[in-house]
Amino acid sequence: PYNGPSASDLLKRRKVYLPTCLGPFYTHPLNLVEGKMQYVFDENGRRYLDAFGGIATVSCGHCHPDVVEATVNQTRLLQHTTVLYLNHAVVDFAEALAAKLPRELEAVFFTNSGTEANELALMIARLYTGYHDIISIRNGYHGNATSTMAATAQFFHKFNVVQTGIHHALNPDPYRGVFGSDGVKYANDVQDIIDYGTCGHVAGFIAEAIQGVGGVIELAPGYLPAVYSIIKKAGGLFIADEVQTGFGRTGSHFWGFEEQGIVPDIVTLAKGIGNGAPIGAVVTTPEIAKVLTYSNYFSTFGGNPVCTAAGLAVLRAIEKDKLQYNAFVVGSYIKERLSSLMEKHEIIGDVRGRGMLLGVELVQDRQSKTPAKSEMLKITEHMKDMGVLIGKGGFHGNVLRITPPLCFTKEDAGC
Ligand code: PMP
């Protein structure tokens with residue numbers, strides 16, 4: 001049994017020592033003390049089904065035994081920087097990771113977070129092309145440092161600091177976007193930005209295949225392939241932010257970009273890559289990677305032995321437990337069941353996403369699409385009381401986000 005501080009004690013101390021605008025979820029925040037696969041446990045031993053853990057780094061399940069074992073074993077052996085000395089863990093993981101990506105993407109840089117991975121990707125694009133302008137999509141999220149905050153396009157994730165050289169293209173959002181599901185029309189906006197807002201050349205384009213923080217928005221069909229050729233013509237690199245969509249989460253594919261039939265120049269990874277271990281990565285071609293050899297680039301802990309041992313164990317667990325397949329089967333099932341709820345509940349405006357990256361957008365009525373934000377808060381609270389954790393998000397704060405660890409079962413889905 002847990003003997004540590006209570007939730008109310010923690011809340012009081014957090015307010016003093018961990019000042020942040022983002023408080024913990026829920027009117028009465030949960031004090032989680034243990035996790036086991038798709039479950040987490042609070043201070044009283046109450047079990048919750050974690051249908052949102054996928055976003056908070058967990059891919060193959062809380063404390064997956066194989067990942068724990070690999071992490072503990074490596075922690076016992078050695079934890080150090082990989083900058084100065086050789087160690088097999090970082091090489092083993094880089095090799096295994098590259099094997100999961102298109103053949104030309106085999107140069108891996110490890111970082112400690114998704115923000116860092118995207119910062120590095122943007123810098124590489126600028127160095128490689130010699131251009132400065134980057135195009136990202138409105139409503140996307142890419143991180144909280146200078147360039148990544150600039151690429152992020154939601155005002156409530158931005159601070160008033162200098163964020164230059166980024167242009168935000170129309171969001172190809174089939175549900176609320178101005179051109180509906182016409183991906184090519186949205187892509188024309190990228191061409192317009194290049195024509196009217198840059199020297200005619202850009203360093204690159206960055207996007208999530210499905211916007212996660214933005215409310216699980218699948219980009220309109222045909223958008224990314226059309227943008228890909230526009231960006232190539234403008235001399236830029238295509239950066240796929242796979243921080244949320246990677247590692248089999250979308251079910252049909254291991255990477256989100258694969259569904260769109262394009263091969264990015266740079267892929268960025270984090271979250272699920274380490275099942276909770278703080279690690280991120282940038283994967284690109286050896287030719288592009290060369291730009292970082294012209295000066296000294298290093299990260300003290302990026303690719304450290306413990307995190308890369310965990311990462312390798314995660315890749316193996318995804319294969320061994322057939323988690324991508326599970327994401328497809330169980331995720332499709334959850335989506336189907338959620339969609340069928342639309343017949344009964346006018347408040348459900350849209351059900352979307354793929355695999356275990358799902359969103360339910362709540363509206364006052366389907367005609368006006370007025371966001372049902374307070375209802376969404378009620379639902380997340382109520383579900384917590386019933387023992388199920390789900391997420392919230394979207395620009396209007398009215399999207400339920402369902403992103404469980406990939407070991408989630410049909411029984412968990414409540415059928
Ligand atoms: N990219 C995407 C798509 C994300 O969802 C996030 C985090 N929500 C990031 C980048 C930034 O990752 P981190 O919080 O690890 O810096």
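Start by selecting strand β5, residues 134-137, together with β6: over four bridges, the two pair in the parallel sense. Keep in mind that you're looking at a predicted model. Now click on Ser-136, and you'll find His-168 of β6 standing opposite.

Time to bring in the whole sheet. Colour seven strands in the order β4-β12-β11-β10-β7-β5-β6; they make an open sheet with mixed pairing. At the edges you'll see β4 (107-111) and β6 (166-169), each with a single partner strand, so one side of each has no neighbour in the sheet. Look along the sheet for the twist, which averages 20° from one strand to the next.

Now hop over to helix α4 and pick Ala-125. Is Ala-125 buried or exposed? Ala-125 counts as buried because 27 other C-beta atoms lie within 10 Å, and the cut-off for that is 20 or more. Show its contacts beyond four places in sequence: Ile-134, Ala-203, Gly-204, Gly-236, Leu-237, Ile-239 and Ile-266.

Last stop, the ligand. Select the 14 residues that surround it, the closest being Ser-113, Gly-114, Thr-115, Gly-143 and Val-243. Which helix gives the largest share of this shell? That's α4 again, residues 114-129, with three residues. Colour the shell by type and you'll get four nonpolar, eight polar and two charged residues.

Technical notes:
Residues numbered from 1 in each chain as written. Predicted model: local features only at pLDDT ≥ 70, side-chain atom pairs only at ≥ 80, totals over all residues. Near = placed C-beta within 6 Å. Nonpolar A, V, L, I, M, F, W, Y, C, P; charged D, E, K, R; others polar. Buried ≥ 20, exposed ≤ 12 C-beta atoms within 10 Å, placed from the backbone. Contact = placed C-beta atoms within 7 Å. Pairing = 2+ DSSP bridges. Axes fitted to C-alpha atoms, helices over the stretch in contact; angles between N-to-C directions.
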